[in-house]
Amino acid sequence: MVQPKLIALLPDLASFILVVNEGSFTAAAQQLGVTPSALSKLITRLEKALSVKLFERSTRQLHITQAGQKIYDQCLVMVNAAQQAIELSHHDHSEPSGALTVAAPEAFLNSVLQPFVLPFLQKYPHIELKLRAADGQIDLFRSNIDIAFKLTDKPDENLVLKELCKTNLVLCASPEYLQRRGHPAHPIELNQHDCLYLAENAKDHVWDFLKDDEFHTVAVSGRYAVNQSQMRLNGVKHGLGIGIFHDFVVQDALSSGEVVQVLPSWTIKSNYHGAVAMQYPQTKYMPARLRVFIDYVIANVQPKLLAKDQLHA
């Protein structure tokens, strides 16, 4: 049974979420149409009702407390449930509509999803699609993301998982480069070659190779390093050296012969390998815009991803 006290707190909890998302009372107050001082008093009232301190406040900064973060996470669940309740009213008799936020690693977003974005938007003219390039860990709830693509062998157990395909890292070079510099037969020979790597952190030029029970770590070097996959691939195509890529990035270039795989019998280990995982929160009532996006990916994007496995078979 819903308690009157809870009903009274619901607007304050929703305002609390907005303050956290905006990072300041001023920005949140502008959206709510109230003064910052009035919003500050509201939060103080909420803290008193919950008997917990939600923020550490100073003249310049606003930091959420550990207890406040736990309450925020629960409030997000509440708001999402409320949004679903609203959408239920036109779930069965309206076209898919509304905003859909999708996050994916830059390489996947650029190489795989990009060609399918415009056809999807043309098919569903009432959906607002927001794409975010997001490498590394993605927190769907705190980042207000509806669905995320991850390159991982450890998907989030708290989210629904649809595995689209397996993915591996591959080394590639242009035929012209290999004719000029030769084909490396072993990972240690990469020391004698120009290599293109990500340059995101100090260890990106250190590549780990595995073959049966044999393991090698090689520190590579080269004249060109960039953490944007297509720029790195263009460098490889123009003969700047041997580059490291996810297989879906070089799928078309391998098929056309623009690049050739190097050391194909070796497995390259990294934090971003395993599977292409499509994940989203568990919900009893899925918004139509999310449902059609998932169906579209499975019908159109997944076959392209699976085609790369045929290429290497």
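I kept in mind throughout that the model is predicted.

**Entry 1: helix 2 and helix 3**

I began with helix 2, residues 25-32, and helix 3, residues 36-50. Their axes come within 8 Å and cross at roughly 100°. An angle of 65 to 115 degrees counts as roughly perpendicular, and helix 2 and helix 3 therefore stand roughly perpendicular to each other. Next I listed who makes the contact. Helix 2 supplies Phe25, Thr26, Ala28, Ala29 and Leu32. Helix 3 supplies Pro36, Leu39, Ser40 and Ile43. I sorted the residues of this contact by type: seven are nonpolar, two are polar and none is charged.

Which residues of helix 2 are buried? I found Phe25, Ala28 and Ala29. They cover an arc of only 100° around the axis, so they sit on the same side of helix 2. This brought a general rule to mind: an α-helix has 3.6 residues a turn, so residues three or four places apart point the same way. I then turned to the face of helix 2 directed away from its buried side. Gln30 and Gln31 are exposed there.

**Entry 2: serine 15**

I moved to helix 1, residues 4-22, which holds serine 15. Is serine 15 buried or exposed? Its relative accessible area is 10%, so it is buried; the cut-off for buried is under 20%. I looked up its contacts, not counting residues up to four places away in sequence. Serine 15 touches Leu32, Leu39 and Leu42. Two of these names were already in my notes: Leu32 of helix 2 and Leu39 of helix 3 belong to the contact in my opening entry.

**Entry 3: strand 7**

Strand 7 covers residues 169-173. Five of its five residues are buried. I checked which way they point. Leu169, Leu171 and Ala173 point one way, and Val170 and Cys172 the other way.

Then I looked for the partners of strand 7. It pairs with strand 11 in the antiparallel sense over four bridges. Cysteine 172 has glycine 243 of strand 11 as its bridge partner. Strand 7 also pairs with strand 12, again antiparallel, over three bridges. There, leucine 171 is bridged to valine 262.

**Entry 4: helix 7**

Helix 7 spans residues 229-237. Its buried residues are Ser229, Arg232, Leu233, Gly235 and Val236. How are they placed around the axis of helix 7? They fall within an arc of 155°, so they line one face of the helix. What do they pack against? I noted helix 5 (106-123), strand 7, strand 8 (195-196), strand 11 (242-246) and helix 8 (247-256).

I traced an open sheet with the strand order 10-9-13 and antiparallel pairing. Strand 10 (214-219) and strand 13 (267-269) stand at the edges. Each has a single partner strand, so one side of each lacks a neighbour in the sheet. Neighbouring strands here are turned by 30° against each other on average, direction ignored. Strand 9, residues 206-211, is joined to strand 10 by six bridges. Within that pairing, lysine 211 has glutamate 214 of strand 10 as its partner.

**Entry 5: two positive phi values**

Most residues other than glycine have a negative phi. Asparagine 144 has a phi near 55°. It lies in the loop between strand 4 (127-133) and strand 5 (147-152). Leucine 263 has a phi of about 50°. Its loop runs between strand 12 (260-262) and strand 13.

Which is buried and which is exposed? Asparagine 144 is exposed, with a relative accessible area of 55%. Leucine 263 counts as buried, at 8% relative accessibility.

**Entry 6: valine 292**

I ended in helix 9, residues 288-312, with valine 292. At 10% relative accessibility, valine 292 counts as buried. What does it touch, leaving aside neighbours within four places in sequence? I found Pro96, Phe120, Tyr124 and Ile127. Valine 292 and proline 96 are 196 residues apart along the chain. Their C-alpha atoms are separated by 7.6 Å.

Notes:
Residues numbered from 1 in each chain as written. Predicted model: local features only at pLDDT ≥ 70, side-chain atom pairs only at ≥ 80, totals over all residues. Heavy atoms only, no water. Axes fitted to C-alpha atoms, helices over the stretch in contact; angles between N-to-C directions. Parallel < 35°, antiparallel > 145°, perpendicular 65-115°, else oblique. Contact = heavy atoms within 4.5 Å. Nonpolar A, V, L, I, M, F, W, Y, C, P; charged D, E, K, R; others polar. Buried < 20%, exposed > 50% of the residue type's maximum accessible area, 1.4 Å probe, protein only. Pairing = 2+ DSSP bridges. Arc of directions from axis to C-beta.
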